[in-house]
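Student: Hey, can you walk me through this structure? I'm new to it.

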Amino acid sequence: MFAALVLSGCSRPSQRAEEPADYLPQTLVMGTGEENGTVWQAGFAVANVINHTVPGIHVAVEPSKGSSVNAANVAGGTWDLAVISGDTAYDALYGENGFQEDAVGNLCVLAACYQEVSGWAALKESGLTMVHELRGKIISSGPAASRTELASDAAFHVLGIDENNTEIYSDGLSDSTGHVKKKTADAAHGFAPVPLAAHEQLSTEQETVFLSYTEEELDRILDGEPRYFKTAIPAGTYSGQENEIPTFGVKVLLCAGKDMDPDLAYEIARAMDLNGPVYTADVPFMSMVQDKQFLCRDLPIPLHEGAERYYRELGYLIN
């Protein structure tokens, strides 16, 4: 579907001017993720935004093995753009968590594309409502060494949950929710765009609750942790979920090298603002691009100077 949108020249409204038939656009190569995966889908949607909005530019989408590869390829000049998770972008730029030997100091942001959030699911009959109530329970925090487990650990450090007082498994989300469904575990953690398919299925099959963090807990989790930002799971995301769920997450970013022409960076930021909601409308997990502040605030690494100029001119950034 996404490839078809890129190739078809959809008849949706855009801000792009018409070009002569013999005009050859500049091609920018964008790294994404594994074919048909979430990052790959997001990359095609972003390519649509730029291709239909920025005169003289064509974005060619490349699959990849993920954010770490994307960061290295942008820094090395192999790719012009890439979709990169904010936590990986932070580690790459500042030389942490696997990038100590090879920090990617050339990386910056053009716009935030979507969010991945911490979501804990439990059966309603458990009586659980808050994440801190998981202490002493049987839970699954996410696959070992995964970004899901790292997010769990960030929360557990604040909430006083560890393997000494809680039975913690390192299962994938499908297995985790299966354990919750069979009542062999009390809660399952996911860290991904919402709605998570496994949580969605659980909530349609059994009465399910999604656990909240308090504002004070979120402030403590985010204190000194620039990879994450405060967010929420909107009410109605899952069956029976009537209230918004306060939580934290990471932004997935459209990144470029700092050496990108500032005027081009400006135009790409403008494209994401003007036509992001149009050409991502068929990608539900990208709905946050409609929020002007989401595009450019609470970022783990700096904006490109050209993109920052655009957001300041429009008043989205004040300080």
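Tutor: Let's go through the cores, a helix pair and some backbone details.

Tutor: This is a predicted model, where local features need pLDDT of at least 70, side-chain atom pairs count only at pLDDT 80 or more, and totals for chains, interfaces and linings use all residues. Residues are numbered from 1 along each chain as its sequence is written, and side-chain values use heavy atoms, with hydrogens and water left out.

Student: Which residues touch the most other members of the largest nonpolar core?

Tutor: L81, L107, L254 and Y311 do, in a core of 64 residues. A nonpolar core here is a set of buried Ala, Val, Leu, Ile, Met, Phe, Trp, Tyr and Cys residues joined through side-chain atoms within 4.5 Å. Buried means under 20% relative accessible area, exposed over 50%, and partly exposed in between (1.4 Å probe, protein chains only).

Student: And what is Y311 in contact with?

Tutor: Leaving aside neighbours within four places in sequence, Y311 is in contact (heavy atoms within 4.5 Å) with L110, A111, A269, L295, C296, L303, Y316 and L317. There's also a second, separate core of 25 residues, with L128, A151, A187 and Y228 among them.

Student: New topic: at what angle do α2 and α9 cross?

Tutor: Roughly 115 degrees, and the axes of α2 (residues 38–51) and α9 (residues 262–279) come within 8 Å. Helices (H or I, at least four residues) and strands (E, at least two) are DSSP runs, numbered from the N terminus. Axes are lines fitted to C-alpha atoms, for helices over the stretch in contact, with angles from 0 to 180 degrees between N-to-C directions.

Student: Which residues of α2 and α9 meet?

Tutor: On the α2 side, A45, V46, N48, V49 and I50; on the α9 side, I268, A271, M272, N275, G276 and Y279. By class, that contact has eight nonpolar, three polar and no charged residues. Ala, Val, Leu, Ile, Met, Phe, Trp, Tyr, Cys and Pro count as nonpolar, Asp, Glu, Lys and Arg as charged, and the others, Gly among them, as polar.

Student: What about the backbone? Which peptide bond is cis, with omega near 0 degrees?

Tutor: The one from V194 to P195. P195 sits in the loop between β7 (187–192) and α7 (197–205).

Student: And K183, what's its phi?

Tutor: Positive, about 70 degrees, although K183 is not a glycine. K183 lies in the loop between α6 (173–182) and β7.

Student: Is K183 buried or exposed?

Tutor: Exposed, with a relative accessible area of 52%.
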